[in-house]
Amino acid sequence: IKCKAAVAWEAGKPLSIEEVEVAPPKAHEVRIKVVATAVCHTDAYTLSGADPEGCFPVILGHEGAGIVESVGEGVTKVKKGDTVIPLYIPQCGECKFCKNPKTNLCQKIRITQGKGVMPDGTSRFTCKGKQIYHFMGTSTFSEYTVVADISVAKIDAAAPLDKVCLLGCGISTGYGAAVNTAKVEPGSTCAVFGLGGVGLAVIMGCKIAGASRIIGIDINKDKYAKAKEFGATECISPQDSKKPIQEVLVEMTDGGVDYSFECIGNVGVMRAALEACHKGWGVSVIVGVAAAGQEISTRPFQLVTGRTWKGTAFGGWKSVDNVPKLVTEYMSKKIKVDEFVTHTLPFDKINEAFELMHSGK
């Protein structure tokens, strides 16, 4: 199939809308007509050149939704015409990670996915005679993409694809961080650092879990109104006090919060989020992805005195099983999705979408 795709030819340059050729799916692969895709900071991070796994030229994108166009030999879970969301964390059901209820980190195709190729070591994309790499096993910045059959979730055909594409990463990640990883309890006090899409999803999760106090933290005060719509009870800026933000939070909450979430990817903020937790039982979850080579630090006494530091990937959801359920929760109005969408642009304006994201809009 010949179609349009946004190709990243090299790091640090805008995406280029090109005609690409998308090969048919091989055994245990699925070719998808991508109807909608969102942009995420992870795409921007790889595009910046800072990602050690980044390969170029590449078709980025990992928050998409579409329709199965064709399937390769041996594919049984989906068929032509099915409505699907591609998954950057697959679920093979066979590896020791999939068999363990404590994790969602399927490793079946991790090595080839990290190298930007399909499980057989080759790419399905060509442009101007050159091989183009895949990204995160999804490459949703293309009108057609090919994914492994373990990297696709079949969803309700009635779901609006320009909304549920967000369940491919950001919303699911933040919501799951609260309900799966932290297991926020009714009546608890939570602090959420970073009020972008993921932070708002964490707030939504904390609210659904019954938290009584949810403090949003961001230096961009334009984000406070939206955070309150999602359930934040108050919002503060670290720049409004001479004291470190963790001290401010400890004072505000009589000793610290029960749960904190870092949704930025800043190692200094990760430390503050841990140290804002209450002695004896506070839990801090790292959701944001820090740049390569960065390290976290705190005094060991913080942990000795009963705080827990955790991390989460894709909100702990086992993807094939849970993404369809998240779509159902959205369709039954249990979780918000529409409210996360600020701008809807045609595909050829994708670089403008990145500019809007970088400007915090």
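## Starting with one residue

Which strand does Thr189 lie in? Thr189 belongs to strand 11. Keep in mind as you look around that this is a predicted model.

Thr189 has a relative accessible area of 15%, and since buried means under 20%, Thr189 counts as buried. So who are its neighbours? Leaving aside residues up to four places away in sequence, Thr189 touches Arg213, Thr253, Val257, Asp258 and Tyr259.

## Two domains

Let's zoom out. The chain splits into domain 1 (2-168 + 318-359) and domain 2 (173-313). Notice that domain 1 is written as two stretches of the chain. The centres of the two domains, taken over C-alpha atoms, are 28 Å apart. Where they meet, 14 residues of domain 1 are in contact with 14 residues of domain 2.

There is also a database label to look at. In an unreviewed entry, UniProt places the feature "domain: Alcohol dehydrogenase-like N-terminal" at residues 27-155. That span is 13% helix and 30% strand, and its end C-alpha atoms lie 22 Å apart.

Now find the open sheet of five strands, which has the order 4-1-2-7-8 with antiparallel pairing. Strand 4 (58-59) and strand 8 (130-132) stand at the edges with a single partner strand each, so one side of each has no neighbour in the sheet.

You can walk across the sheet pair by pair. Strand 1 and strand 4 are antiparallel and share two bridges. Strand 1 (residues 2-8) is joined to strand 2 (residues 16-22) by six bridges, again antiparallel. Val7 is a handy landmark here: it stands opposite Ile59 in strand 4, and it also stands opposite Ser16 in strand 2. Carry on and you find two bridges joining strand 2 to strand 7 (residues 125-127), in the antiparallel sense. One of the residues to look for there is Val22, whose bridge partner in strand 7 is Phe125.

## Helix 6, inside and out

How far apart should the ends of helix 6 be? Helix 6 (residues 197-208) has 12 residues, so at 1.5 Å a residue it should span 16 Å. Its end C-alpha atoms are 17 Å apart, which agrees.

Much of the interest in this helix is in what it packs against. Gly199, Leu200, Ala201, Val202, Ile203, Met204, Gly205 and Cys206 are buried. After the helix comes Gly210, with a positive phi near 95°.

In soluble globular proteins, nonpolar side chains tend to be buried together. Here the largest nonpolar core has 80 residues, and Leu15, Ile85, Val164, Leu167, Val184, Cys206 and Phe261 have the most contacts inside it. Helix 6 gives this core its largest share, six residues. Both domain 1 and domain 2 contribute residues, so the core lies between them.

Take Leu167 as a closer look. Not counting residues up to four places away in sequence, it touches Ile85, Ser172, Phe314, Val323, Leu326, Val327, Ile335 and Val337. There is also a second, separate core of 14 residues, with Phe193, Ile215, Val257 and Ala276 among them.

Most residues other than glycine have a negative phi, and most peptide bonds are trans. The peptide bond from Phe56 to Pro57 is cis, with omega near -5°. You'll find Pro57 in the loop between helix 1 (41-48) and strand 4.

Two lysines are worth a look as well. Lys183 isn't a glycine, but its phi is positive, near 55°. Lys183 sits in the loop between helix 5 and strand 11. Is Lys183 buried or exposed? With a relative accessible area of 55%, Lys183 is exposed. Lys333 isn't a glycine either, and its phi is positive at about 65°. Look for Lys333 in the loop between helix 11 (319-331) and helix 12 (350-358). Lys333 is exposed, with a relative accessible area of 73%.

Technical notes:
Residues are numbered from 1 along each chain as its sequence is written. This is a predicted model: local features need pLDDT of at least 70, side-chain atom pairs count only at pLDDT 80 or more; totals for chains, interfaces and linings use all residues. Side-chain values use heavy atoms; hydrogens and water are left out. Two strands pair if DSSP finds at least two bridges between them. Helices (H or I, at least four residues) and strands (E, at least two) are DSSP runs, numbered from the N terminus. The expected span of a helix is 1.5 Å times one less than its number of residues. Buried means under 20% relative accessible area, exposed over 50%, partly exposed in between (1.4 Å probe, protein chains only). A nonpolar core is a set of buried Ala, Val, Leu, Ile, Met, Phe, Trp, Tyr and Cys residues joined through side-chain atoms within 4.5 Å. Domain bounds come from an automatic or database domain assignment. Contact means heavy atoms within 4.5 Å. UniProt positions are given in the numbering used here, feature names are shortened, and annotations may be inferred rather than shown by experiment.
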